[in-house]
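This briefing concerns the structure shown below. Please look over the sequence and the model before reading on.

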Amino acid sequence: MSREVQPQAVKEVPAEDFIKAYAAHLKSTDKLQIPDWVDVVKTACFKELPPLDRDWYYIRAAAIARQIYVRQGLGVGQLRIKFGGRNKTRGVKPEHFKKASGGLIRHIIKQLETVGFMEKHTGAKGGRRITPAGQKDMDLIAGRVTVRMPTLGFAVAAAPVAAE
């Protein structure tokens with residue numbers, strides 16, 4: 001059994017569901033300028049081919065926006081680590097962790113800054129943070145996603161009343 005819940009913020013929605021919904025929103029609003037090289041670029045040095053999904057740029061932009069929403073102050077270097085992965089094409093040598101493409105992440109962040117959803121963080125370490133307009137937009141999209149919460153399979157019984 002499960003029940004439907006209407007979330008109020010991005011943190012209350014499962015990441016996969018929110019990223020799909022926000023990517024569809026970014027695509028439908030046409031606020032992001034898609035570069036010409038989007039169909040030939042790889043997302044990391046350990047990848048052999050570009051992504052097969054035609055909307056991968058919007059999905060990556062939604063994932064980056066969600067990461068910065070959840071943890072304000074993330075920079076390009078930290079996002080490269082978060083989106084990195086294992087380099088498995090090393091022959092007989094063991095696999096090794098590699099970072100994601102920094103230029104791609106930087107380009108997406110610049111696009112989100114020009115739209116007004118992100119700005120530079122004024123903290124000691126820098127990074128980026130979500131603007132109030134970006135937070136409002138992301139929370140509205142999160143509120144449209146229906147979340148199915150599992151219910152426990154047992155009923156809570158009332159405590160027996162002691163007869164005196």
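In this predicted model, 62% of the contacts in the protein chain between residues at least 6 apart in sequence join residues at least 24 apart. The protein chain holds five helices and six strands, and its elements follow the order β-α-α-α-β-β-α-β-β-α-β from the N terminus on.

**Surface and burial**
- Of the 164 residues in the protein chain, 35% count as buried.
- The protein chain has an accessible surface of about 10700 Å², and carbon and sulfur atoms account for 53% of that surface.

**Asp-30**
- Asp-30 lies in the loop between α1 (15–29) and α2 (56–70).
- Although Asp-30 is not a glycine, its phi is positive, at about 55 degrees.
- Asp-30 counts as exposed because its relative accessibility is 56%, and the cut-off for exposed is over 50%.

**The largest pocket**
- The volume of the largest pocket is about 200 Å³.
- Its lining comprises eight nonpolar, no polar and four charged residues.
- Among the lining residues of the largest pocket are Ile-34, Val-38, Asp-39, Leu-52, Arg-54, Asp-55, Tyr-57 and Tyr-58.

**The second largest pocket**
- The second largest pocket has a volume of about 160 Å³.
- Five nonpolar, one polar and three charged residues make up its lining.
- Residues lining the second largest pocket include Thr-43, Lys-47, Leu-49, Ile-59 and Arg-60.
- Pro-50, Pro-51, Asp-53 and Trp-56 line the largest pocket and also line the second largest pocket.

Definitions and conventions. Residues numbered from 1 in each chain as written. Predicted model: local features only at pLDDT ≥ 70, side-chain atom pairs only at ≥ 80, totals over all residues. Heavy atoms only, no water. 1 Å grid on protein atoms, 1.4 Å probe; cavity = no way out; pocket = protein on both sides within 12 Å on 5 of 7 lines; lining within 4 Å. Points joined across faces, edges and corners; volume = space filled by probe spheres on them. Nonpolar A, V, L, I, M, F, W, Y, C, P; charged D, E, K, R; others polar. Helix = DSSP H or I, 4+ residues; strand = E, 2+ residues; numbered from the N terminus. Buried < 20%, exposed > 50% of the residue type's maximum accessible area, 1.4 Å probe, protein only. Contact = heavy atoms within 4.5 Å. Areas by Shrake-Rupley, 256 points an atom, 1.4 Å probe, with all protein chains shown as cover.
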